[in-house]
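Visitor: I have just opened this one and would like a slow walk through it. Could you take me around?

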Amino acid sequence: MVRTSALVLLFLSSMAGTVHGQLPTGTLAGAVSDQTGAALADARIEVVNRQTGATRTVTTAADGRYTAAMLPPGVYGLTVQATAFKRLDREVSVEAGTTTT
């Protein structure tokens, strides 16, 4: 029974990736670190769609990583803010079915 459950879980996991790839959205992912390479937890990432003005805000995890999923394709302004660090602004493009890093 345990073996069958693990196989079903593996199959469902692989199907989820396939379905996600067919969505007309993209993902923005990355990691925030300081000049020494140390991860910055709790940094605020703001993503703004330049065409629509829609805004998404996420926070970095303990390892400094962040993900903003299910973003409509387009050009986005990306702002990173962390306590005691200078604000960082970038422009990024998100394409459907891809992850922009």
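**A walk along the strands**

Guide: We can begin with a pairing: β5 and β6 run antiparallel and are joined by 7 bridges. Strands here are DSSP runs of E with at least two residues, helices are runs of H or I with at least four residues, and both are numbered from the N terminus; two strands pair if DSSP finds at least two bridges between them.

Visitor: Before going on, what kind of model is this?

Guide: This is a predicted model, in which local features need pLDDT of at least 70 and side-chain atom pairs count only at pLDDT 80 or more, while totals for chains, interfaces and linings use all residues. Residues are numbered from 1 along each chain as its sequence is written, and side-chain values use heavy atoms, with hydrogens and water left out.

Visitor: Okay, back to β5 and β6. Which residue stands opposite V80?

Guide: That is L88, which lies in β6. The hairpin of these two strands has 6 residues between them, and A84 takes a positive phi near 75 degrees there.

Visitor: Is A84 buried or exposed?

Guide: A84 is exposed, with a relative accessible area of 79%; exposed means over 50%, buried under 20%, and partly exposed in between, using a 1.4 Å probe and protein chains only. A84 is not a glycine, although its phi is positive, and it sits in the loop between β5 (74-81) and β6 (88-94).

Visitor: Switching topic: what is the order of the strands in the open sheet?

Guide: The open sheet has 3 strands in the order β4-β1-β7, with mixed pairing. Its edge strands are β4 (65-71) and β7 (99-100), each of which pairs on one side only.

Visitor: How many bridges join β1 to β4?

Guide: There are 5 bridges between β1 (residues 26-31) and β4, which run antiparallel, and L28 has A68 in β4 as its bridge partner. M70 also lies in β4, and its phi is near 55 degrees, a positive value in a residue other than glycine.

Visitor: And what about the chain as a whole?

Guide: The chain has 1 helix and 7 strands, and read along the sequence the pattern is α-β-β-β-β-β-β-β. Of its 101 residues, 26% count as buried.
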